[in-house]
Amino acid sequence: MATAWTRSPRSAAGWPCRSGEASSVWSYAKKWPSFYLTEALLAAGHEVTVIDDLSTGRASNLKAVESNERLTTRWASILQDERLDKFIEQSDVVFHLAAAVGVRLILEKPVDTIEANVLGTDRVLKAAARAQCTVVIASTSEVYGKNERVPLSEEDDGVFGPTVKSRWSYAVSKAIDEFLGLAYCRDRGVPVVIVRYFNTIGPRQVGRYGMVVPRFVRQALAGEPITVYGDGEQTRSFTDVQDTVRATFGLGLHAAAVGQVFNVGNGHVVTINELAAKVKALTESRSEIVHVPFDRAYEAGFEEPRQRVPDITKLRRTLDFTPAVDLETTLRNVIEFERRQG
Ligand code: UDP
């Protein structure tokens with residue numbers, strides 16, 4: 001898990017600043033876009049504290065900024081860090097990206113997943129309520145569950161599978177995070193913004209817990225079979241991490257975003273078969289593309305949404321946002337990064 005706290009020398013226009021000219025941002029995250037967010041906050045002149053238990057990230061992800069004197073890192077869990085309240089007290093904005101991520105992790109550690117999501121968010125919101133600082137909660141397109149409407153807009157239903165299928169615990173726990181955040185906003189006056197990420201990809205993402213792009217790229221570079229799950233005709237809409245971070249940063253600073261939910265994604269749709277073929281072509285790999293049934297890839301009776309496409313009209317309208325990085329560019333960046341890692 002990671003946390004970042006930022007303080008800028010002066011308040012930016014539209015910044016939800018609590019104390020005159022002094023503006024501070026605190027962000028914390030386990031989701032790997034937090035590393036990019038930290039860099040963006042530092043580049044904009046803020047002070048940042050990152051709290052991360054490094055369960056799904058690497059300290060080296062912050063190598064480029066580790067000597068920046070406006071950065072403090074604490075490699076600890078947000079559930080245990082005794083200074084969490086203190087950091088939040090000193091902050092104007094918390095970017096709460098701490099969450100369990102990756103389908104495999106959720107299946108392997110369901111208790112940790114639910115606790116990290118629900119208890120972590122509860123801790124952050126309680127502290128934010130005392131400090132009255134803005135909280136941006138990173139949520140996920142998983143909250144739409146099995147709703148396959150195209151495209152999905154923020155007010156569409158979440159359709160979840162049965163509780164005996166632990167995959168859905170992630171979706172439901174993130175939905176609780178959203179409910180809790182919106183409730184704190186309405187009942188306790190905490191400025192909360194919810195951002196729902198749709199398949200964020202880019203360099204530095206780990207593939208260990210199932211994320212498809214780093215897995216395909218590593219398999220292709222190693223000449224191993226590229227493992228497409230199911231028939232591969234399921235679609236996803238991948239979003240470059242730079243676009244995800246730009247939207248997150250922008251919404252965290254935008255007073256009109258408070259109390260609202262935003263899809264953060266890219267409308268471009270691709271099947272997993274097409275993705276595998278693209279990765280194979282871009283890496284010039286000889287890897288074979290193989291199809292693995294879901295119950296062998298995950299567990300018996302595994303369910304996942306067939307398609308998931310965001311409607312980003314609200315984001316466009318609020319921030320004048322257009323995704324800037326196309327899939328091929330992101331894949332090239334991931335391939336270059338993974339080649340450098342060896
Ligand atoms: N997937 C795949 N091969 C892999 C890993 C994932 O075919 O090695 C598929 C997965 O079943 C899903 C899609 O790729 O249909 C995206 O998976 P990911 O875990 O990246 O994100 P999700 O949309 O499931 O949260």
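## Basis

Residue numbers start at 1 in each chain and follow its written sequence. The model is predicted, so local features need pLDDT of at least 70 and side-chain atom pairs count only at pLDDT 80 or more, while totals for chains, interfaces and linings use all residues.

Helices (H or I, at least four residues) and strands (E, at least two) are DSSP runs, numbered from the N terminus.

Ala, Val, Leu, Ile, Met, Phe, Trp, Tyr, Cys and Pro count as nonpolar; Asp, Glu, Lys and Arg count as charged; the others, Gly among them, count as polar.

## Burial of H6

H6 is mostly covered, with seven of its ten residues buried. A residue is buried if 20 or more other C-beta atoms lie within 10 Å of its own, exposed if 12 or fewer, and partly exposed in between; C-beta atoms are placed from the backbone. The buried residues are Val 212, Val 213, Pro 214, Phe 216, Val 217, Gln 219 and Ala 220.

The cover over these buried residues includes strand E8 (200–201), E9, H8 and H11. Gly 223 follows H6 and has a positive phi, near 70°.

## H6 against H8

Two packed helices are described by the angle between their axes and the distance between the axes. The axes of H6 and helix H8 (residues 272–283) come within 9 Å and cross at roughly 40°. H6 is therefore oblique to H8. Axes are lines fitted to C-alpha atoms, for helices over the stretch in contact, and angles run from 0 to 180 degrees between N-to-C directions. Angles under 35 degrees count as roughly parallel, over 145 as roughly antiparallel, 65 to 115 as roughly perpendicular and the rest as oblique.

The crossing of H6 and H8 is right-handed. A crossing is right-handed if the near helix is turned clockwise from the far one by less than a right angle, and left-handed if anticlockwise. On the H6 side, Val 212, Phe 216, Val 217, Ala 220 and Leu 221 make the contact. They meet Ile 272, Leu 275, Ala 276, Val 279, Lys 280 and Thr 283 of H8. Two residues are in contact if their C-beta atoms, placed from the backbone, lie within 7 Å. This contact of H6 with H8 has nine nonpolar, one polar and one charged residues.

## H6 against H11

H6 and helix H11 (residues 327–341) pack at an angle of about 55°, with their axes 10 Å apart. This pair is therefore oblique. H6 passes H11 in a right-handed crossing. From H6, the contact uses Val 213, Pro 214, Val 217, Arg 218 and Leu 221. From H11, it uses Val 334, Ile 335, Glu 338 and Arg 339. The residues of the contact of H6 with H11 divide into six nonpolar, no polar and three charged.

## Phe 337 and Arg 204

Phe 337 sits in H11. It is partly exposed, with 15 other C-beta atoms within 10 Å. Not counting residues up to four places away in sequence, Phe 337 touches Pro 203 and Arg 204. Phe 337 and Arg 204 are 133 residues apart along the chain, yet their C-alpha atoms are separated by 7.5 Å.

Arg 204 lies in the loop between E8 and H6. Arg 204 counts as buried because it has 20 C-beta neighbours inside 10 Å. Its phi is positive, near 80°.

## Other backbone features

Most residues other than glycine have a negative phi, and most peptide bonds are trans. Asn 199 has a positive phi, near 40°. It lies in the loop between strand E7 (192–197) and E8. Asn 199 is partly exposed, with 19 other C-beta atoms within 10 Å.

A cis peptide bond joins Val 150 and Pro 151, with omega about -10°. Pro 151 lies in the loop between strand E6 (134–140) and helix H5 (167–188).
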